[in-house]
Amino acid sequence: ATDPPTKDEAARALRKAVDFFRTEVAASGGYLWRYSADLSLQEGETQASNTTAWVQPPGTPTVGSAYLFAFEAIGDQYYLDAARETAYALVRGQLQSGGWDYRIEFDPKSRRKYAYRVEGGTGDVRNTTTLDDNNTQAALRFLMQVDRAFEFKDQQIHESVEFALASLLNAQYPNGGWPQRFDEPPDAAQFPVIRANYPDSWPREFPKEDYKSYYTFNDNSIADMIATMFDAERIYGESKYGDAAKRAGDFILLAQMPEPQPAWAQQYNAKMQPAWARRFEPAAVTGGESQGILRILMSIYRETGDKKYLAPIPAAIKYLRSSQLPDGQLARFYELKTNRPLYFTKEYVMTYDDGDLPTHYGFKIGSRLESLEAEYERLLQTEPSKLKPRESKPTYKMSGSLAQQARAAIDSLDQRGAWVEPGTLRAYPTNDSSKSVIDTRTFENNVETLSKFIAASGSR
């Protein structure tokens, strides 16, 4: 067996790794997803320059959260300062619309293309807050946690959080939903509060409509907003944030489709009818997002104790069970009313045949109905007051597994302080220098492992 590391050895490795990320990897305090081992190439979801940071996880908020985790686990001010440095990068990336785009540009010329609140451009420039893929939500939740760590006394961070929260409250639709993206508050008159319903007809070919204003469940957009608002209520003690989360829960109740398909769509238009988004996301009832929505409803019940949020679950589970494919999976999309599974060919032609599916998207989804129903039954049998989440400072216990993981993290650190691993930069598929990478997810995991090990080591 490999000898376990000492506490000092783990502390030196952690400091070395964070030093390297802060001084060699960061772009003005912000981060991307992956880097070539020699740092000559970098990417977020797409190619990026060395003056660009990515907001969408596992980008800047992910790395900042690792720093904050280290501080909270071991109490070293150095890591809180690192978290604040990353928070300042996000402050510089905040848009006039209140939230964040996928990326932040720090090059002065590039910044003029965005309506950043700090050193941004003016006129016809990009000002679109993105709720897709946990983008704005991840940035805001990290900033709120750093704000609390500094006892709400850092003016730049606190003011940024207040502006973001106010903008998100203003962007919430009258029925409690949120759009996928926005650049200004909605016109309430254009979004009446009505129940989900079936359209008389719907296009069988991609209509190429702008779907950014649609009520959007896809990619956990509303789920992440609900979690963010409940976090804000806990951190700032203001009920208006929890009320916004509950209004979003009320939207979920409105969005449940009537019989014969009492589940949910990925997105809805202003008429509360399922609608197309991307060319492989038709107007349909979804077996994927619907399962996630059941989790959301149960999480809202834990926060509120209000059983109205559990009421839609039995009918939805019964419907989804009846819709399982012969192999037990669920189709991502079911045709409205007929409930026939919908698929796409590699040429993006909609079909009932699953024989020529694109590989970049999950058109079949694993069933989680057993665990969902078990959780639902457990909630029914538990006193609501015992379910509400409560924050407490975690403690870490030493184990052989933790010591082994810490040893692996230490031994795999190179002389610079980098964790390099086999892999590729997908944005540079033909470039040889992208075959070994530095991945922010590995950095986060190893920082957390070493922090837990140091905390569990106590005074030894």
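1. In this predicted model, helix α5 passes helix α7 in a left-handed crossing. The axes of α5, which covers residues 135-149, and of α7, which covers residues 221-236, come within 10 Å and cross at roughly 15°. The two helices α5 and α7 are therefore roughly parallel to each other, since angles under 35 degrees count as roughly parallel.

2. The contact between these two helices draws on Gln 137, Leu 140, Arg 141, Met 144, Gln 145, Asp 147 and Arg 148 from α5, and on Ser 221, Asp 224, Met 225, Ala 227, Thr 228, Asp 231, Ala 232, Ile 235 and Tyr 236 from α7. Sorted by class, the contact of α5 with α7 has seven nonpolar, four polar and five charged residues.

3. Helix α7 also meets helix α9, residues 287-304, where the two axes come within 10 Å and again cross at roughly 15°. That angle makes α7 roughly parallel to α9, and α7 passes α9 in a left-handed crossing. On the α7 side the residues are Ala 223, Ile 226, Phe 230 and Arg 234, and these meet Ile 296, Ile 300, Glu 303 and Thr 304 in α9. By class, the contact of α7 with α9 has five nonpolar, one polar and two charged residues.

4. Another helix pair to look at is α3 with α6, whose axes come within 10 Å and cross at roughly 45°. That angle makes α3 oblique to α6, and α3 passes α6 in a left-handed crossing. The residues in contact are Arg 84, Ala 87, Tyr 88 and Val 91 of α3 together with Gln 156, Ile 157 and Ser 160 of α6. The residues of the contact of α3 with α6 divide into four nonpolar, two polar and one charged.

5. Arg 84, which takes part in the contact of α3 with α6, also forms a salt bridge with Asp 154, the closest N and O atoms of the pair being 3.5 Å apart. Arg 84 lies in helix α3, residues 77-93, whereas Asp 154 lies in the loop between α5 and α6 (155-171), so the pair ties together parts that are 70 residues apart in sequence. As background, side chains of opposite charge can pair when their charged atoms come close. A search of the whole structure finds 34 salt bridges.

6. Strand β9 is joined by two bridges to strand β11, residues 333-334, and the two run antiparallel. Within this pairing, Thr 286 stands opposite Phe 333 in β11.

7. A further open sheet is formed by four strands in the order β2-β1-β16-β15, and here the pairing is antiparallel. Its edge strands are β2 (42-43) and β15 (421-422), each of which pairs on one side only. Strand β1, residues 34-36, pairs with β2 in the antiparallel sense over two bridges, and Arg 34 stands opposite Glu 43 in β2. Helix α13, residues 440-457, lies across β1, β15 and β16 (436-439), and runs at about 55° to β16.

8. Some details of the backbone deserve a careful look, given that most residues other than glycine have a negative phi, and most peptide bonds are trans. The peptide bond from Pro 57 to Pro 58 is cis, with omega near 10°, and Pro 58 lies in the loop between β3 (52-54) and α2 (60-74). The peptide bond from Glu 259 to Pro 260 is also cis, with omega near 15°, and Pro 260 has its place in the loop between α8 (239-255) and β8 (267-268).

9. Asp 133 has a positive phi of about 55° although it is not a glycine. This residue, Asp 133, is found in the loop between β5 (129-130) and α5.

Terms used
Residues numbered from 1 in each chain as written. Predicted model: local features only at pLDDT ≥ 70, side-chain atom pairs only at ≥ 80, totals over all residues. Heavy atoms only, no water. Axes fitted to C-alpha atoms, helices over the stretch in contact; angles between N-to-C directions. Parallel < 35°, antiparallel > 145°, perpendicular 65-115°, else oblique. Left-handed = near helix turned anticlockwise from the far one by under 90°. Contact = heavy atoms within 4.5 Å. Nonpolar A, V, L, I, M, F, W, Y, C, P; charged D, E, K, R; others polar. Pairing = 2+ DSSP bridges. Salt bridge = Lys/Arg side-chain N within 4 Å of Asp/Glu carboxyl O.
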